[in-house]
Amino acid sequence: MPVDFELTKEQEDVKATVREFAEKYIAPRAIEFEEKQMIPPEITREMGRLGLFGVTYPEEYGGLGLDPVTAGLILEEIVRADLTFSLAVAYLVPASWGYVACKYGSEEFRDDIIRKAAGGDLWIGIATTEPGAGSDLAGISTTARRDGDSYVVSGEKAYISGVREAREKGVWFELGGGHVTLAYTDKSKLHRGMSLFFVPLTDPGISVRLEKEFGRKGWSYGSFVLDNVKVPGKYRIGEEGRGFYIAMEGFDHARAYIALACAVGGKRAIELAAEYAKQRRAFGEPIATFQGVQFQLADNWARLEAAHSLAYRALWALKMEQEGRLGRYEVTKIAASAKLFAVQTAKAAIDDALRWFGAYGYTEENPVALAMKAVKSYDWAEGSLDIMRLIVAREVLGREYIARRR
Ligand SMILES: Cc1cc2nc3c(=O)[nH]c(=O)nc-3n(C[C@H](O)[C@H](O)[C@H](O)COP(=O)(O)OP(=O)(O)OC[C@H]3O[C@@H](n4cnc5c(N)ncnc54)[C@H](O)[C@@H]3O)c2cc1C
């Protein structure tokens, strides 16, 4: 297999443009995202203007038409500038779920919603989780009943990212946004009875409640209740009964990006802590001189390099799948492996890096402390680490070893 880590000229250019933007607009204000518990709207507006909320959407619908590897290069720059990970979430969710919604959505949906999202006027999120079901998607209660050309959707979604930004029109996005939402169209068929719909959160029939997040506070997280909300049939994503399987594809994308974000965030944390360790003196020496610190640095860095490479392998696998050169299950296995490894690796690295700061590590002004809280969210978001383990084991052992439902 040929291996080539070299970037193309186009990739270099994209990376340089986003780095310049991130250093100028994002990095100086990232701590503020956490303090004020919001991303300043001028940042999302500028990102929208640059097309960063539609990087993976086809050019014919106004997107940048970038492949997952190139979209990952952009994510790197965003994470390096914002260790709260708030912007990483704002970026990677539409890059994953908007892409999948566009792939399976109707022509009218693409023309209407994808075009607006690609132009930065609307944000696309994902809503599978409910108060009573997260890992076990067959346990959801939300239903969608056909009513002429529309569906009537009822239920509750919980712990959903971006509910405030999608709900409030004219602030972060001119038109607010909506979530790719999983519902049963035929509960008797379990996984084969689920369908996906794009549900605009601006609908008056929806009520939103925000949670107080533990970290990455710049991008909201909360629940929404759908009380007989009418959703046009053209907003169904894919065929009826295919929702679960399409959602699994969306998770693969999100997991690969999350793996990359964690690897890059972990490396940035080590870099920041290493700078501090060169300045901070104890017992007459910079603490960077102590081998206890150096050995931690080296072990973590080596593991982060591995996580970084594996994340790109997952993004590359998605690209190969798009080109019809790799199968679905192989992609799922690599993406789950990448997330499983990167989240654990980043958490351990950030924990060590934070210790080098001493007591200054235990303040909210320290970006590495904010990174630690943010990376913790990936124990669960877009599939828990235990579910990643189950997926990898299933793909390696074979499907006959899946534990049966009781
Ligand atoms: C910051 C954040 C943002 C999120 N954003 C979104 C979003 O935008 N959209 C959305 O739909 N969801 C979102 N989620 C929810 C996330 O997808 C769920 O938390 C996740 O799927 C796990 O579901 P759960 O929280 O209900 O945990 P549960 O499914 O109740 O699991 C609880 C624990 O049991 C373990 N477990 C469950 N089943 C098994 C098993 N078979 N074997 C071994 N262990 C098992 C899990 O690993 C976990 O540790 C977000 C979560 C967080 C923390």
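Predicted model: local features only at pLDDT ≥ 70, side-chain atom pairs only at ≥ 80, totals over all residues.
Helix α6 covers residues 107-118, and its buried residues are F109, R110, D112, I113, I114, A117 and A118. Just after α6 comes G120, which takes a positive phi of about 85 degrees.

Most residues other than glycine have a negative phi. Against that background, F85 has a positive phi of about 70 degrees although it is not a glycine. F85 lies in the loop between α4 and α5, the latter being residues 86-104, and with a relative accessibility of 0% F85 counts as buried.

N228 is another residue other than glycine with a positive phi, in this case near 50 degrees. Its setting is strand β7, residues 221-232, and N228 counts as partly exposed, with a relative accessibility of 48%.

## R164 in helix α7

R164 is found in helix α7, which covers residues 163-167, and at 13% relative accessibility this arginine counts as buried. Leaving aside the neighbours within four places in sequence, R164 is in contact with Q37, M38, W172, L210, G218 and S220. L190, by comparison, is 26 residues from R164 in sequence, while the two C-alpha atoms are 31 Å apart in space.

## Helix α8 and its packing against α4

Helix α4 (residues 68-81) and helix α8 (residues 243-279) pack at an angle of about 35 degrees, and their axes are 9 Å apart. The crossing of the two helices is right-handed. On the α4 side the contact is made by P68, A71, G72, L75, E76, V79 and R80, and on the α8 side by Y257, L260, A261, V264, G265, R268 and E271. Sorted by class, the contact of α4 with α8 holds eight nonpolar, two polar and four charged residues.

Two further residues of α8 can be followed individually. D252 has its place in this helix and is buried, with a relative accessible area of 0%; leaving aside neighbours within four places in sequence, D252 is in contact with L318, R328, V331, T332 and A335. M248 also has its place in helix α8, but M248 counts as partly exposed, at 26% relative accessibility. M248 and E382 are 134 residues apart in sequence, yet their C-alpha atoms are 10.0 Å apart in space.

## Aromatic rings and the charges over them

A pair of aromatic rings is described by the distance of the centres and the angle of the planes. A search of the whole structure finds 15 aromatic pairs. In one of them, the rings of F244 and Y245 have centres 5.3 Å apart, and their planes stand at 90 degrees, so the pair is edge-to-face. The angle that decides this is one over 60 degrees. F244 is buried, with a relative accessible area of 15%, whereas Y245 is partly exposed, with a relative accessible area of 27%. Elsewhere, F53, W123, F173 and W219 form one aromatic cluster.

K373 lies over the face of F214, at 5.6 Å from the ring centre. The charged end of R399 sits over the ring of Y329, where the distance from the ring centre is 3.8 Å.

Terms used:
Residues numbered from 1 in each chain as written. Heavy atoms only, no water. Phe/Tyr/Trp six-rings, centres within 6.5 Å; stacked < 30°, edge-to-face > 60°. Buried < 20%, exposed > 50% of the residue type's maximum accessible area, 1.4 Å probe, protein only. Lys NZ or Arg CZ within 6 Å of the ring centre and 35° of its normal. Axes fitted to C-alpha atoms, helices over the stretch in contact; angles between N-to-C directions. Helix = DSSP H or I, 4+ residues; strand = E, 2+ residues; numbered from the N terminus. Left-handed = near helix turned anticlockwise from the far one by under 90°. Contact = heavy atoms within 4.5 Å. Nonpolar A, V, L, I, M, F, W, Y, C, P; charged D, E, K, R; others polar.
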